Amino acid sequence: MENLKNIFILVIAITVFTSCEEDVTNDVTLNSIERLVIEGGIERNSNSTFQAIRLTKTLPFLTNTPNQGVLDAVVTVSDGVTTWNFTHSGNGNYSNNILLPEIGKTYTITIIWNNETYVGSDTLNQVPLFDNFYYELEEETLFTDEGFFIKFDSTDPIGVENYYYYRVFKNNVFTIVPDPGNNQTLIVSDEFFDGQQRIGVNPNEEVSFKIGDIAKAQQLAISKKYYQFLFELFTQTGNQGISFIGNPPPASIKSNIINISNPKNRILGYFYAVDIVEDSILIE
């Protein structure tokens with residue numbers, strides 16, 4: 001079966017690369033405007049008050065060095081009543097350890113950097129709990145090896161527009177595989193299962209486990225705008241040269257943060273507010 005999969009991938013690869021040999025290197029812009037990049041947001045998880053946001057700067061295309069952290073920004077988050085300061089702890093990491101997120105509130109981030117001000121917001125929606133959390137052994141298929149996969153059951157609230165994002169951790173390491181199906185499996189709308197219990201949800205079909213592994217999964221309640229952002233992100237990053245649907249043209253995805261000082265100098269990334277339920281299990 002392993003040989004069959006390798007042959008299948010090789011055939012697809014040959015088809016793709018022999019039918020598309022045009023050199024487009026000269027069309028790539030190697031230098032661009034330095035832009036601010038945000039990673040992170042507000043997370044409600046097990047009553048934790050620790051919140052973290054990372055700020056970096058973009059690099060010229062094809063640069064191999066890691067993004068440089070922004071060390072001199074002023075970062076605050078507000079719910080309209082209280083404002084929390086985020087302290088820089090090194091390498092562009094900003095954190096606060098007293099912010100306890102609340103369901104239904106809208107959180108607004110303000111970033112002041114290079115004499116420009118960036119503002120964006122997101123609303124925290126409640127996530128349903130796991131009804132059951134377990135793992136199952138699945139046999140090898142043409143696309144996946146045999147292994148253990150974590151599953152969960154969960155009941156969607158009735159009459160509420162919900163959007164979900166799934167994260168999987170293998171031995172406490174966040175694991176995600178670039179795949180064109182991520183925009184359909186890692187994020188989902190409850191449009192077709194509103195108010196229903198879902199049985200045997202696999203939060204990531206690309207991540208398998210073996211005996212002795214610690215498997216952890218998170219279900220995040222996200223806003224519609226964050227869902228749309230992730231959909232575009234997974235669409236662009238999910239295709240790695242071998243694809244049944246082709247590679248979408250690279251393009252910057254619109255952030256929910258606006259540069260109110262200089263709108264043309266846009267930020268990259270998304271500031272989110274999410275509610276999280278998680279569980280873990282030892283594969284044995």
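**Strands and a cavity**

Let me start with strand E9 (residues 147-155) and E13, which run antiparallel and are joined by 3 bridges. Strands here are DSSP runs of E, at least two residues long, numbered from the N terminus, and two of them pair if DSSP finds at least two bridges between them. Phe-152 has Val-201 in E13 as its bridge partner.

Before going further: this is a predicted model, where local features need pLDDT of at least 70, side-chain atom pairs count only at pLDDT 80 or more, and totals for chains, interfaces and linings use all residues. Residues are numbered from 1 along each chain as its sequence is written, and side-chain values use heavy atoms, with hydrogens and water left out.

Back to E9 and E13, which belong to an open sheet of 3 strands in the order E8-E9-E13, with antiparallel pairing. Its edge strands, each pairing on one side only, are strand E8 (130-138) and strand E13 (197-201).

Next, the hairpins. Strand E6 (residues 106-113) pairs with strand E7 (residues 116-123) over 8 bridges, in the antiparallel sense. Opposite Trp-113 stands Glu-116 in E7. This hairpin has 2 residues between its strands, and Asn-114 in the turn has a positive phi of about 55 degrees. E7 is also joined by 3 bridges to strand E15 (residues 257-259), and these two run antiparallel. There, Tyr-118 has Asn-259 in E15 as its bridge partner.

Strand E4 (residues 83-90) and E5 run antiparallel too, with 3 bridges joining them. Gly-90 is bridged to Asn-93 in E5. The hairpin of E4 and E5 has 2 residues between the strands, and Asn-91 takes a positive phi near 60 degrees. E5 (residues 93-96) also pairs with strand E2 (residues 51-57), antiparallel, over 4 bridges. In that pairing Ala-52 stands opposite Ser-95.

A cavity is a set of points, on a 1 Å grid over the protein atoms alone, where a 1.4 Å probe fits but cannot get out; lining residues have an atom within 4 Å of a point. Grid points are joined across faces, edges and corners, and the volume is the space filled by probe spheres set on the points. The largest cavity holds about 30 Å³ of space. Its lining consists of Asn-125, Glu-161, Asn-162, Tyr-163, Ala-221 and Ile-222.

Methods:
1 Å grid on protein atoms, 1.4 Å probe; cavity = no way out; pocket = protein on both sides within 12 Å on 5 of 7 lines; lining within 4 Å.
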